[in-house]
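Welcome! Please take a moment to look over the chain below, and then we will walk through a few of its local features together.

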Amino acid sequence: MERKREMIHALSEAAMGSISYYAKLAERRTITVEEAKKQAAAHLRSLRYGPEGKDYFWINDTHPRMIMHPYRADLEGKDVTNTKDPAGKKLFQAFLETVKDTGGGYVDYHRQWQDDPSRIFSKISYVQEYRPWHWSVGTGVYVEDVRAQIAAITKRMTFIFLGILGVIALLSVYVVWQGAAGETHRREIEESLRQSENKYRLLAETAREIILLFDSNLCITYANTAWKRISGYLPEEMTEVNITDLIPVPQRSQFAARLERIHDNQADDYLLLETNFILKDHRMITVEATIARMESADNSPAFLMTVRDITEKKRVEAQARMRQEQLMQTNKMVSLGTLVSGVAHEINNPISSVMLNSQVFDKFWRAVHPILDRHHEQYGDLEVGPMAYPQMRERMPRLLHFSQEGVERVKRIVGDLKEFPGQRPADLRETVNLNQVVEKAIGLTSSLIRKAADDLQVEYDENLPTFQGNSQRLGQVVVNMVVNACQALTEPNRSLCIATGYLEESEEIYLKVQDSGRGMTAEVLAQAKDPFFTTRRDSGGTGLGLSISDTIIRNHGGWLDFSSEPRKGTTATILLPRYSQDEVIGRMI
């Protein structure tokens, strides 16, 4: 039953992935939201699985109203709030309560057998909500299938047990007959038992799982080959090892307490726990252990421990959790970009007003200062507020000029912020001037550059040719390169050099971002462009910046390369072809 639950849970996750795919198409405006919903519903309507290929998915909304049901088309578009199963359970209300509390879960109810409404069976379904569309997607299995499997297993096991009983009966007769036959038969029985013991020992020695035996004093009396291979202990060393010596000190008290439950017969016949083992070389592995009580040859209590190494499994689970957190962080960054664009839009209006007013003040001053000049010539001293007129006449044009420049700079930065997080399609047919892209990226990161470096050198190639590409995507790459360079500068007195240029031999345009920061080791350099690899995870790094930048550059037909040495800085080089492949073919013709 648990495997059935896991199966429908996994199928539900796959269905949610399909819906997310169509939702992303709508987000990218490839199709409309309504078309995405229609295609997602049609896709789930066509899905079948199960032994007969008749198990299905259905969709309802949070009203609840039926969106799609492959076997009950008569319910689609209708309110199913009061729809009950034969036992009187409002099943769609139960679905909504389940997804409301946990986002997804299992619901038991009665339902028709697949496409046959005349047959009603118990069913368990997993229901999950796709919140952006307020859809509840469900699928389930019939308990009758499980019961049929259990019946088949029971029947098969019955025959097996009967066979075993028959074998035992025959062996009993054989033993009695052998006992009556005398000493020769007794020796044959002993030989048979010895061979049987050897078989079981062979099973234990060839098992992949670790098998340990220890007595009531917790001293290990037996360890199979798997333990010797994994731990590094020699057979003669195991007689001196206590089971608690293998467990880290903080976990020993908990292990002993749980073991006492077997002593006191307060638990089941076996104990399942997860702990750590210390190997001979002091490495630590994570294990899942099953401990059962058994009787030894002298009737004293003993314990059988079967251990499975799950270190790799735990590592993979930790990596999966880490990647999930990284994806969440990436989503936060996307939201932050949208927020920055919105704030920039809100700032744009008052800045535009200030710019217009600044121009009005300039015109006003140009008109009024000749009048003030004549007044000053006729009447002598003239003060405007706390300032003498000659001083004000000298400073006012500069103040207006500086104010106009400041407002224009703020407006330019606001415009760059509005454009930077834009979700424009990846059209590579735009005419791009790399100098302008770099200039805009430096403007966006100017405050970060001022804090990180005292010496900023920017060299633009005045004769730099244009090329076909996407300026917004390339701006994203340049910003990432500059930010990484600034973060590598651990001291303010370091330098940052940015240069553009053109290689006539290969007809390639290049950009170099060179810092004098801490640099990278060869190991870090080899993984720098790998997805999710970062050396700044503690400070919020996601490891996606360079991977995405490398993808953007390769989509432009170029390549991104790094050269670095520890404590000597890093140089990031971007090479972009002046002509696309289509243009090169055209020029050859």
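Let's begin with helix α10, which spans residues 434–444 and has Leu434, Asn435, Val437, Val438, Ala441, Ile442 and Gly443 as buried residues. Keep in mind as you explore that this is a predicted model.

**Helix α10**
- An α-helix has 3.6 residues a turn, so residues three or four places apart point the same way.
- Among the buried residues of α10 you can find Leu434, Val438 and Ile442.

**A cis peptide bond**
- Histidine 63 and proline 64 are joined by a cis peptide bond, with omega at about 0 degrees.
- To find proline 64, look in the loop between β1 (57–61) and β2 (66–68).

**Positive phi at histidine 134**
- Histidine 134 is not a glycine, yet its phi is positive, near 55 degrees.
- Histidine 134 sits in the loop between β4 (116–130) and β5 (135–142).
- Is histidine 134 buried or partly exposed? With a relative accessible area of 44%, histidine 134 is partly exposed, because the value falls between the 20% and 50% cut-offs.

**Positive phi at leucine 218**
- Leucine 218, also a residue other than glycine, has a positive phi of about 70 degrees.
- The loop between β6 (210–215) and β7 (220–223) is the place to look for leucine 218.
- Leucine 218 has a relative accessible area of 17%, so it counts as buried, which means under 20%.

Definitions and conventions
Residues are numbered from 1 along each chain as its sequence is written. This is a predicted model: local features need pLDDT of at least 70, side-chain atom pairs count only at pLDDT 80 or more; totals for chains, interfaces and linings use all residues. Side-chain values use heavy atoms; hydrogens and water are left out. Helices (H or I, at least four residues) and strands (E, at least two) are DSSP runs, numbered from the N terminus. Buried means under 20% relative accessible area, exposed over 50%, partly exposed in between (1.4 Å probe, protein chains only).
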